[in-house]
Amino acid sequence: IARNGSAFCAYFMDHAPVDWHDVLAHHDFDYDRRYRLALIEQGIYHFPMPCKQGSVSAAHSEADIEHTLNITREVVEAL
């Protein structure tokens with residue numbers, strides 16, 4: 001997970017990305033697509049485009065964040 005302030009993005013690669021060329025060469029785009037679609041199926045919306053950032057805002061309660069983390073954990077374990 002890379003983040004800047006409240007924005008974040010999950011990268012599916014064996015190291016932290018250093019630049020866009022690194023992401024293009026090493027990110028698992030197929031897994032990313034399946035990950036995002038599985039989250040959407042569970043009611044957690046992330047843009048269904050690889051490498052698209054998500055964000056947390058004051059509109060999200062701690063319960064929202066906890067629910068999102070729980071569903072994310074389940075999706076990753078299932079994939």
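**A guided reading of the predicted chain**

The place of A10 is in the loop between strand 2 (7–9) and helix 1 (20–26), and because its relative accessibility is 10%, A10 counts as buried; buried means under 20% relative accessible area, exposed over 50% and partly exposed in between, with a 1.4 Å probe and protein chains only. The model is predicted, so local features need pLDDT of at least 70 and side-chain atom pairs count only at pLDDT 80 or more, while totals for chains, interfaces and linings use all residues. Residues are numbered from 1 along each chain as its sequence is written, and side-chain values use heavy atoms, with hydrogens and water left out.

The chain as a whole may be considered next. Its secondary structure comes to three helices and three strands, where helices (H or I, at least four residues) and strands (E, at least two) are DSSP runs numbered from the N terminus. From the N terminus on, the elements run β-β-α-α-β-α. The C-alpha trace spans about 35 × 30 × 20 Å along its principal axes. For 79 residues, a compact globule would have a radius of gyration near 12 Å, and the 13 Å of the chain agrees with this; the radius is taken over C-alpha atoms, and the globule rule is 2.2 Å times the number of residues to the power 0.38.

Of the 79 residues, 27% count as buried. The chain exposes about 5,500 Å², of which carbon and sulfur atoms supply 55%; accessible areas come from the Shrake-Rupley method with a 1.4 Å probe, and for residues only the protein chains shown count as cover. Among contacts with a separation of 6 or more, 44% are accounted for by residues 24 or more positions apart, contact meaning heavy atoms within 4.5 Å.

Not counting residues up to four places away in sequence, A10 touches I1, H27, D32 and Y35, and on the same terms F12 touches H26, H27, D28, Y31, D32 and Y35. D32 itself lies in helix 2 (residues 29–41) and counts as buried because its relative accessibility is 0%. Beyond residues up to four places away in sequence, D32 touches A10, F12, H27, P50 and C51.

H46 is buried because its relative accessible area is 10%, and, leaving aside neighbours within four places in sequence, H46 is in contact with F8, R36, L39 and I40. F8 is found in strand 2 and, at 23% relative accessibility, counts as partly exposed. With neighbours within four places again left aside, the contacts of F8 include H46, Q53, G54 and S55. F8 and S55 are 47 residues apart in sequence and 5.9 Å apart in space, C-alpha to C-alpha.
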